Every structure is written in C-alpha cells, then in structure tokens.
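Subject: Model for you to look at

Hello,

Here is the structure I promised. Please open it alongside this message. My notes follow below.

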Amino acid sequence: MILEVRAVPPFMKNGYIVGCPRTLEAVVIDPGDEVDEIVEAVSARKLSVRHILLTHAHLDHITGVAAAKAAFAVPVYLHRDDLFLYERVVQQGAMFGLPVRPQPPVDHFYDGSSITFGDFEVKVHHTPGHCPGEVCLQIGPKGAAGEHLFVGDSLFAGSIGRTDLPGGDYDVLMRSITGVIFALGNNAIVHPGHGPDTTVGRERASNPFVVEYLAGK
Ligand SMILES: [Zn+2]
Ligand SMILES: [Zn+2]
C-alpha cells in the first residue's frame, strides 16, 4: 500500500494519500492547509486519485477540499451528521481569526457501503463523540480485514479528541473508541488526524484516557 502524509502549520493536521501500488489509483483523506503538498505528492507518485474522503468536518480537515477537487475532479464524501459543520467552514475560520473560503458541495454521504480504489477497499465506521459525524476509515486489500485505520480526531497516540466543541460528547466518544475502533483488532495501525501513528493494542494498553475509562466501567 502506498501511504503519504503531509502536515503544515498552524494546525499540523495530517493529510493522507493512500494508493494501490498495482493500479496507482488512490484516495486523499482530509485535505487541509497542506493541500499543495498533497497535490505535489500525487503528481510525483503518478497516482490517479479516485475519491476525496473526509473523516469529519472541522476546519483543519476541510480547508483544502476546494483545491483538491479542482486538482483531481473526483467526488467528496462526508458523514451526513457533520454537514452542519461543513456548511459553516467560513464561520469556523472566523473563530480562529482565519479567512477561509467556502468549500464545494459534498457529493456523497457515507451510506454504509464500501468505497474502492484499485485493489483496495475502504470500510466506513461511524465513530461520533469528537463531533457527530466523525468516521473511522478502515483500509486494506479488497476482501481483507483492513489494518489501516484513519480515525480523524477521535483517537491520538496517548490521547483522545476534545469533546467541548459543538456536538461533542465524552461518553459517546469513549464508546466509539473502545466499542468500534478497538473492535478492529490490536494489530490495526491507527493514523490520527494529528501527530504520530500508533496501534489499537498500544492505545488499549497505555492510553491514559482509555485506561481510566475502562477501569471505571
Ligand atoms: Zn476535529
Ligand atoms: Zn483536527
């Protein structure tokens, strides 16, 4: 599997490219302020992007959607429950004092079916709590379990997503992490929206927020 990640200030949000080495078809996940670097990496790798997939619609994860759509001319996917955030991208920017342009309409809402590119498949798991429409994108070869999890801001190496923004809910988030993401197996590699990769097994054993939650259940 081809995997590229880029992040730029101020948010240092990870934008991902995942590609099929045989067909060179790819998906772009959460294009934000690093979208120019993403477009450059796609071109350097001679990839053909088929889908733009969003884990959720917070500002830092969507500011590059318009540029990505202009570059690749492919559909944009989001969970319906985050549409209210997506439509308020300009206001989200104003909260940070950042001028942000409106983004193009969402083309598809995730509907439970898999999304494919080349020999690979994306399974979409609804993981609300950090915001109402967050998803975990599970990627692997078609027909396999999929060991790469793109979790947005629900789970980080040693931390969890904040739940004090509109639509956030701590108990819902902890159920998403321990009930949905953890069910995908200890060996699964977690690619968070910010910071380094980790694994389900490592977070289950040592993430202080998770350990405290599981101890209190
Ligand atoms: Zn977020
Ligand atoms: Zn973020």
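How many bridges join strand β2 to strand β3, and do these strands run parallel or antiparallel? There are 4 bridges between β2 (residues 15–19) and β3 (residues 25–29), and the two run antiparallel.

Some ground rules. This is a predicted model, in which local features need pLDDT of at least 70, side-chain atom pairs count only at pLDDT 80 or more, and totals for chains, interfaces and linings use all residues. Residues are numbered from 1 along each chain as its sequence is written, chains are lettered from A and ligands numbered from 1 in the order in which they are written, and side-chain values use heavy atoms, leaving out hydrogens and water. Helices (H or I, at least four residues) and strands (E, at least two) are DSSP runs, numbered from the N terminus. Two strands pair if DSSP finds at least two bridges between them.

**First sheet**

β2 and β3 belong to an open sheet of 6 strands, in the order β1-β2-β3-β4-β5-β6, with mixed pairing. β1 (2–6) and β6 (108–109) are at the edges. Each has a single partner strand, so one side of each lacks a neighbour in the sheet.

Helix α1 (residues 35–44) touches β1, β2, β3 and β4 (48–53); contact means heavy atoms within 4.5 Å. The direction of α1 makes about 20° with that of β2. Helix α3 (residues 65–72) touches β3, β4 and β5 (76–78), and its direction makes about 150° with that of β4. Axes here are lines fitted to C-alpha atoms, for helices over the stretch in contact, and angles run from 0 to 180 degrees between N-to-C directions.

Strands β9 (residues 135–141) and β10 (residues 148–152) run antiparallel and are joined by 3 bridges. Leu-137 stands opposite Phe-150 in β10.

Have a look at Phe-117, in strand β7 (residues 115–117). Phe-117 counts as buried, at 0% relative accessibility. The classes are buried under 20% relative accessible area, exposed over 50%, and partly exposed in between (1.4 Å probe, protein chains only). Leaving aside residues up to four places away in sequence, Phe-117 touches Val-18, Gly-19, Cys-20, Glu-25, Ala-26, Val-27, Arg-50, Val-122 and Ile-139.

**Salt bridges**

The count comes to 7 salt bridges, each a side-chain nitrogen of Lys or Arg within 4 Å of a carboxyl oxygen of Asp or Glu. Glu-25 and Arg-50 form one (3.1 Å, N to O). This pair links strand β3 to strand β4, 25 residues apart. Arg-50 is partly exposed, at 37% relative accessibility.

Asp-107 and Lys-69 form another (2.7 Å, N to O). Asp-107 sits in the loop between α5 and β6, and Lys-69 in helix α3, 38 residues apart. Both are partly exposed: Asp-107 has a relative accessible area of 37%, and Lys-69 has 22%.

Arg-162 bridges to Asp-164, with the closest N and O atoms 2.8 Å apart. Arg-162 is partly exposed at 47%, while Asp-164 is exposed at 55%. Shared partners also join Glu-4, Arg-6 and Arg-45 into one salt-bridge network.

**Backbone points to check**

- The peptide bond from Pro-9 to Pro-10 is cis, with omega near 0°. Pro-10 is in the loop between β1 and β2.
- Lys-46 is not a glycine, yet has a positive phi of about 55°. This residue is in the loop between α1 and β4 and is exposed, at 65% relative accessibility.
- Ala-73 also has a positive phi, near 50°. Ala-73 lies in the loop between α3 and β5 and is exposed, with a relative accessible area of 66%.

Best wishes
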